Amino acid sequence: MRIIPVTLEVGDYILSPLICVERKSIQDLFGSFASGRLYRQVEMMSRYYRIPVLLIEFSRDKSFSFQSASEIGDDVTPNSIILKLSLLVLHFPRLRVIWSRSLHATAEIFAPPKANQDEPDEVKAIRVGVPSEEGVIENDVRAENHNTSAVELLRRLPGVTDSNYRVLMDGCKSLAELAMLPMERLAELMGGQKAAKMLRDFLDEKYPTLL
């Protein structure tokens, strides 16, 4: 495995043009959750890479667990690291989590994901997430020749989720066309009547009358 040290704006390791890894030691993991930094880092990986990966790396001289069995209670508290990880994965469905016992184990873990993958382009990896002089950010997998602002607005609409927004984008050319779709077509694209009704009710809601 060839390692090229470079400064990256997004991620800590680039295993292939598709796979980006953010590495966290246990101490850094807790700190990143507390500051909100990890959410932003995973968001950026998901934005530019098809397969974002969170690597949680333990120390060889520490227990390979967050807490002992005796410390695990029946109730899950808001500060539980397991709860925070679960919510992170739910929010970013494409995120993969890898657990590594040590730095040496990480090198072995990286070998299978790299198998049958193209080598990353170090120049492109360095430029990912860095705006050009014109303010354009390349390789945004969410954009793909779409109006990025419109995509962001679409993803915030009621009923629109990570699992159906791309289907909606494929099914209509603009937000204006989306607003004109009948319920049957919305339900087909969004995977059910419930999500379609949420969106249709929102789009059809009248503005309050100002007197």
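**Entry 1: helix 1**

I started with helix 1 (residues 26-35) and found Leu29, Ser32 and Phe33 buried. Buried means under 20% relative accessible area, exposed means over 50%, and partly exposed is in between (1.4 Å probe, protein chains only). These three cover an arc of only 100 degrees around the axis, which puts them on the same side of helix 1. The arc is taken from the directions from the helix axis to the C-beta atoms. On the other side of helix 1, I found Gln27 and Ala34 exposed.

Ground rules, before I forget: this is a predicted model, so local features need pLDDT of at least 70, side-chain atom pairs count only at pLDDT 80 or more, and totals for chains, interfaces and linings use all residues. Residues are numbered from 1 along each chain as its sequence is written, and side-chain values use heavy atoms, with hydrogens and water left out. Helices (H or I, at least four residues) and strands (E, at least two) are DSSP runs numbered from the N terminus.

What covers the buried residues of helix 1? I noted strand 2 (19-25), helix 2 (37-48), strand 3 (51-57) and helix 3 (81-91) among the covering elements. Just after helix 1, Gly36 has a positive phi of about 85 degrees.

**Entry 2: helix 1 against helix 2**

I looked up their axes next: they come within 5 Å and cross at roughly 90 degrees. That makes helix 1 roughly perpendicular to helix 2 (under 35 degrees is roughly parallel, over 145 roughly antiparallel, 65 to 115 roughly perpendicular, the rest oblique). Axes are lines fitted to C-alpha atoms, for helices over the stretch in contact, with angles from 0 to 180 degrees between N-to-C directions.

From helix 1, Asp28, Leu29, Ser32, Phe33 and Ser35 meet Arg37, Leu38 and Gln41 of helix 2; contact means heavy atoms within 4.5 Å.

**Entry 3: helix 9**

Which residues of helix 9 are buried? I got Leu186, Ala187, Leu189 and Met190. Their arc is only 165 degrees around the axis, which puts them on the same side of helix 9. The face turned away from that buried side carries Glu184 and Glu188, both exposed. Helix 7 (165-171), helix 8 (175-180) and helix 10 are among what covers the buried residues of helix 9. Just after helix 9, I spotted Gly191 with a positive phi of about 85 degrees.
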